[in-house]
Amino acid sequence: MKMAIRVFLLLLIFFSSSCPTFALYEDQVGLMDWHQQYIGKVKHAVFHTQKAARKRVVVSTEENVVASLDLRHGEIFWRHVLGPNDVIGQIDIALGKYVITLSSGGSVLRAWNLPDGQMVWESKLLGSKPSKPLLLIPTNLKVDKDNAMFVYANGFIHAVASIDGEVIWRKHLSSEGIDVEQLIYPDGSDTIYAVGLHGSSQFDVFQLNVISGELLKHDNMMFPSGFSGDLSFVIDNTAVAMDSTGTIVVVISFQDGQISFHQTHVSELIQDFSGKAVILPSKIMGTIIIRTDSYVAFIEVINEGKLKFIGKHDHATAVSDALSLPDGQQAFARVQHRDGNILLSVKLGKDDWTSYITEETIRMDHQRGNVHKVFLNTYVRTDRSNGFRVLIVMEDHSVLLLQQGVIVWSREDGLASIVDVKASELPVEKAGVSVAKVEHSLFEWLKGHLLKLKGTLMIATPDDVVAIQKMRLQNSEKSKMTRDRNGFRKLLIVLTRAGKLIALHTGDGRIVWSRLLKSLRKSETCENPGGISLHQWQDPHHHALDENPSFLVVGRCGHSSDSAGVLSIIDAYTGEERNNMGPIHSIAHIIPLSFTDSLEQRLHLLIDANRRAHLYPRTAEALGIFQQELGNIYWYSAETDRGILRGYGVQKNCVLEVADDFCFDAKDLWSIVFPSETEKIVATATRSLNEVVITQAKVTADQEVMYKYISKNLLFLATVVPKAVGPIGSVTPDESSMVVYVIDTVTGRILHRVTHHGSQGPIHAVFSENWIVYHYFNLRAHRYEMSVIEIYDQARAENKDVLKLVLGTHNLTSPITAYSRPEVFTKSQSYFFTHSLNSIAVTSTAKGITSKQVLLGTIGDQVLALDKRFLDPRRTLNPTQTEKEEGIIPLTDSLPIIPQSYVTHALKVEGLRGIATFPAKLESTTLVFSYGVDLFFTRLAPSKTYDSLTEDFSYALLLLTIVALVIAIFVTWIWSEKKELQDKWR
């Protein structure tokens, strides 16, 4: 029997060592996470379609991205995401091999290698006066044997060598007080013209020598009525502008030093004109586009400043710039909306406006909205005629390539500008599954585990390896449209800056549905709509099979907090817009309440700019629930400009001209005024309303109990010296200080205050349970720091006995109120940290049992998971044995950066702006979604998956191990019996 036990143990060790580990290998990346790359809304596009090179289009976007896209499939060849302040103003291609970008208001000129996107050179163009950046790249112009380009920026005209970015010469024009609108270089000339306005009534023309930059001539002429808007240049020696009243078109001719003005009233061109007109920016030779209140009109500029009306279209019409064709003619594209389709027309510049080279009708998803921009490109067909392809940018920021009447490819680049994100459960799987489906699923399950077993035993063929990888990536369970028992499958509802709501499946990141919200589209009543936030409106737990959850989308009709608000209620499963309201009162704050009505609709309080509270939903039942809890509702507002923090409560109904039972006046409860000379509010943080705390007690290593001070009314607030609001290094350590407060927003009582001398922002903070972690810069140490504050309830000091806690004899039944003066104490600690941050978050789980991880969005656009144990303020240099058993880590002056702790692996979330976490049903797991220009989703298990087996666990190997062990035991038992029998016969 002893031999049987030995053999059993040997086999157990062998098969245990054969089991797969839980490390994440390269081929496992993508099984639990996905990564999507975007570029944002396209502003400029330049096509490069030479025969010898790959056909591509180079674009710059509103997200400060310069990228090269494949014209065949729309994939990204390469891209660069510039900084948030490095706004791209102009883009072009030089010498057929360099992409030239002008950014930072014209201060930075860069050249990128066209094939691979490597930066070739960078030039700083400094100046004293901010101005409109202009870039002009002549076709063949050599200055000192170098191909030259011209840049106007910061009051200077620069001649820059295309090959190395060296500034050949520069001329200062800002001293003349002119705002240059256009640089003009006639081909083959030795003169470059700078044309612009001095003030709003003087037209100026400068002539400079292209070789030396010498000012050859300066002409100007006053226009007494004044100009409005920008100049539009129809040909090299003619510009067009509107007068200051917006009713007269002024044609400005300048040639041979002579400037003349020709005025034409808009009503002479357009019979039913009224109001004001604006000239739209366009580059169609000899033609201007005028926008009125009702339509868009095309006007041709003919000889001697005369104008001719060509035609008019509705506001949804978009027109491309002129494109030069190989035969010397020019063409442009026009896109119109018609009966759910778009009509694409391509026309030669000087032909009859009623005839077109190409006219195509293309079916377009109406959820993309109107066409905003059009970029035209030509190619040679097999019959040697000109064919055309068109890149269009839609209202929802998506990009599409049209060719021969079809959509060749499309990109959902609105996802590069996410404003807010929420998670929604998927529908419950209906009962009743066919036997055939069960048999098929069982067969696939057995087949899959047999393949895994072959892979584990290293006997899999190359075809088997491919099948295993394909099976992993195309797991049907991963992308099903129903809930799973672990809560991994959800819908991510994202709101984009374009006003579009998109549902993403967490399994594979695909778009389930999308909806361009009617309430967030531009209209006569809402000129500049924009989304603010998303909120759970209805979550039918008790009616999950009958009703769908819904979300409340909150927006404004302007950028200020006193702009009119708009509301939409959206079905989470279908994207259907159930209801929309607006424009309504202004919306300064949104307060989701913890109460729901009989339909499980959550009550929301919307605070307007006049501090009135408006209740939604506007039903009698909701009003009755709200009035019962009227005395327990509080909120605060931080007036950062004035340095005042105020607390409010709700009192009687509003006194308005028209009675409104759902409107309530606010009453001032308290205020904190920070001295404006020494403190300016720069950051705030509060606890998540949905956070779950498993226990209020924390047992220490010495068997004492500390009680967490848990309150959803606590606010973290940080201030700095006003001089330190600027970038790091703008003040000396002696001039800067940072003050951190923990404030009760019900009473306005300051529970904790600490000063960090010689420190400044930017400050990023996260508040969870009873602790706060915040990140800032220490000027004295020249390093970033992270500090932690933990708040504990001193009033329960007599209940420190663990035995009382276990037996339930502690005194925790006394009611708690925010108005009783809390007895709290804090523990805090600071650590050096290597990285700068742009966002911070914390993991969340279903029951709050799993330990926390702080998620740090680094300046390198990656997400780092830092165990909360590293930020324990009780860490000491030499922890005792009991403290080590508790999990306390020895104290170090800096926080460790563990490469394996990067949630995003080797990937980057370019332009990272936010990190959102959502609990799964499985307590060990949290779902993490990070967004910026890119998107990244994954699952995290901060305390490992202690409550489940991994998805790639080999059940077949386990079964084989058990069978082998049973056989081994049986065989060794027989051997043992035979051996004992032989021993007895001796």
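A salt bridge here is a side-chain nitrogen of Lys or Arg within 4 Å of a carboxyl oxygen of Asp or Glu. Keep that in mind for Arg875, which is buried (under 20% relative accessible area, using a 1.4 Å probe and protein chains only) but has no salt bridge. Its nearest side chain of opposite charge is Asp872, 7.6 Å away; for charge, Lys and Arg count as positive and Asp and Glu as negative, with His and the chain ends not counted.

Some ground rules before going on. This is a predicted model, in which local features need pLDDT of at least 70 and side-chain atom pairs count only at pLDDT 80 or more, while totals for chains, interfaces and linings use all residues. Residues are numbered from 1 along each chain as its sequence is written, and side-chain values use heavy atoms, with hydrogens and water left out.

**The whole chain**

The protein chain has eight helices and 65 strands. Both are DSSP runs numbered from the N terminus: helices are H or I with at least four residues, strands are E with at least two. Of the 986 residues in the chain, 51% are buried. Contacts (heavy atoms within 4.5 Å) can also be sorted by sequence separation: of those with a separation of 6 or more, 51% are between residues 24 or more positions apart.

**Back to Arg875**

So where does this arginine sit? Arg875 is in the loop between β62 (863-867) and α7 (881-886). Its side chain makes a polar contact with the side chain of Thr892, at 3.2 Å. A polar contact is a pair of N or O atoms within 3.5 Å; within protein, one must be able to donate a hydrogen and the other to accept it, and residues adjacent in sequence count only if both atoms are side-chain atoms. A polar atom of the Arg875 side chain also lies 2.6 Å from the backbone oxygen of Pro890. Leaving out residues up to four places away in sequence, Arg875 touches several others, including Gln829, Tyr831, Phe870 and Leu895.

Most residues other than glycine have a negative phi, and most peptide bonds are trans.

| Site | Feature | Angle |
|---|---|---|
| Tyr616 and Pro617 | cis peptide bond | omega about 0° |
| Gly761 and Pro762 | cis peptide bond | omega about 5° |
| Asn64 | positive phi | about 60° |
| Ser104 | positive phi | near 55° |

Pro617 lies in the loop between β46 (612-616) and α5 (620-628), whereas Pro762 is found in strand β56 (residues 759-768). Asn64 belongs to the loop between β3 (56-61) and β4 (65-70), and Ser104 to the loop between β7 (98-103) and β8 (108-113). Asn64 is buried, with a relative accessible area of 5%. Ser104, at 25%, counts as partly exposed, the class between buried and exposed (over 50%).

Tyr356 lies in the loop between β30 (341-348) and β31 (358-363) and is partly exposed at 23% relative accessibility. Apart from neighbours within four places in sequence, Tyr356 is in contact with Arg334, Ser345, Val346 and Lys347.

Finally, the structure holds one cavity of 30 Å³ or more. A cavity is a set of points, on a 1 Å grid over the protein atoms alone, where a 1.4 Å probe fits but cannot get out, and lining residues have an atom within 4 Å of a point. Points are joined across faces, edges and corners, and volume is the space filled by probe spheres set on them. The largest cavity has a volume of about 40 Å³, and its lining is made up of Asp272, Phe273, Ser274, Thr292, Asp293, Ser294 and Tyr295.

Note on methods
On a 1 Å grid over the protein atoms alone, a cavity is a set of points where a 1.4 Å probe fits but cannot get out, and a pocket is an open set with protein on both sides within 12 Å along at least five of seven lines; lining residues have an atom within 4 Å of a point.
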